[in-house]
Amino acid sequence: MKRLLFAFFLISSLDIYSHEFNPAHLVVQELNDDLLYEATWMYPYKNIGKRAEVVFPDECLTESVDIYYQGKYINEKISLECTSTLKGKSIEIINLSVLTDALITINFNDDDIYEGLVNVQNNTLQIPLESNYYPSSYLKLGLSHLFDGLDHILFIFGLLFCISGVINIIKTITAFTIAHSITLGLTVFGLISLPQGTIEALIALTIVYLASEINRNKGSLKTPWLMAFGFGLLHGLGFAGALMDIGIANDKMLLSLFFFNVGIEIAQIALIPIPLMIIFISKRFNYFEITKILISLCIGGMGFYWFIDRVIGIIL
């Protein structure tokens, strides 16, 4: 049994990567009434494979003005001279990575704004002639951020293994939600700012801590919502860092932030039944103690691996 657990620990520690949420972002700004546009194409340079490219409508003559690195992105400035408006036209993103979505923001001179999200399966965005704009694309980004972020998923799983009782679960998830909403908002509005690398390393440590709590002899924490609130403040900084990297290129920052946060919550709620089902089945067949050990080793191994990897990334 000890050999099995040791092997499980090694498997969970090796070659496990927490996919960073770094969506691409195309921002197109109409300059004047002469059908001139300026575009900025931001693409994460750490992505595997060649950089994705933007294909504008045939009515537009494009010229690459400048390419430079900024943070986690390689940015390309593109000038467009079109014979007709972009409204009613389509923009295509080719060579997108499977793990990378692209947010497209178009700001017109008449204050119309259109945003859409494309991916490798649906890589073409049709721009409507008239737009009643709500930044719902940020809801999809919030969903993607949590579903693509294995570290955040494991934190939720570990949290639910540390508590018992429906009331405690509701209190804990509510505390976590309130906490990460606070720091997410404060960071996006520029009221607080911390190094993203340090935040990500500390998030990995929260996972290691949860893994150790799963195997405590007393079974569950007495006040899990306090721990969830404290760790939620930290995870909110992580959520905000991902959003700040691509920026909010429209004039509805509060609404965009709201949709992004709602997307995170929907994904979080969708994940909750999975660990609860595992707990229910393991208790039903009297394998709960073994399950706790396996879950603890898996979560702890991956958390520790991510912590070391992110600390090395800070140093180097």
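This is a predicted model: local features need pLDDT of at least 70, side-chain atom pairs count only at pLDDT 80 or more; totals for chains, interfaces and linings use all residues.
**Notebook: a loop Phe, a nonpolar patch and the cysteines**

I started at Phe 189, which sits in the loop between H4 and helix H5 (196-214).

Is Phe 189 buried or exposed, or something in between? I got a relative accessible area of 42%. Buried needs under 20% and exposed needs over 50%, so Phe 189 goes down as partly exposed.

Next I looked up what Phe 189 belongs to on the surface. I found it in a nonpolar patch together with Ile 178, Ile 182, Leu 186, Leu 191, Ile 192, Phe 229, Met 253 and Leu 254. Together these residues have about 770 Å² of accessible area.

Which helices each supply at least two residues of the patch? I noted helix H4 (166-188) and helix H7 (253-271). H4 gives the most, with three residues.

Then I went to the cysteines. How many disulfides does the structure hold? I found one. The bond runs from Cys 60 to Cys 82, with 2.0 Å from S to S. I also checked its handedness: the link of Cys 60 and Cys 82 is right-handed, with 105° about the S-S bond. The pair links distant parts of the chain, 22 residues apart. I placed Cys 60 in strand S4 (residues 60-70) and Cys 82 in strand S5 (residues 73-82). Both Cys 60 and Cys 82 are buried.

Last, I looked up Cys 162. Its relative accessible area is 1%; the cut-off for buried is under 20%, so I logged Cys 162 as buried.

Notes: Residues are numbered from 1 along each chain as its sequence is written. Side-chain values use heavy atoms; hydrogens and water are left out. A disulfide is a pair of cysteine sulfur atoms within 2.5 Å. Helices (H or I, at least four residues) and strands (E, at least two) are DSSP runs, numbered from the N terminus. Buried means under 20% relative accessible area, exposed over 50%, partly exposed in between (1.4 Å probe, protein chains only). Patches are made of residues with over 30% relative accessible area and no salt bridge: like charges are joined within 9 Å, nonpolar side chains (Val, Leu, Ile, Met, Phe, Trp, Tyr) within 5 Å. Accessible areas come from the Shrake-Rupley method with a 1.4 Å probe; for residues, only the protein chains shown count as cover. A salt bridge is a side-chain nitrogen of Lys or Arg within 4 Å of a carboxyl oxygen of Asp or Glu.
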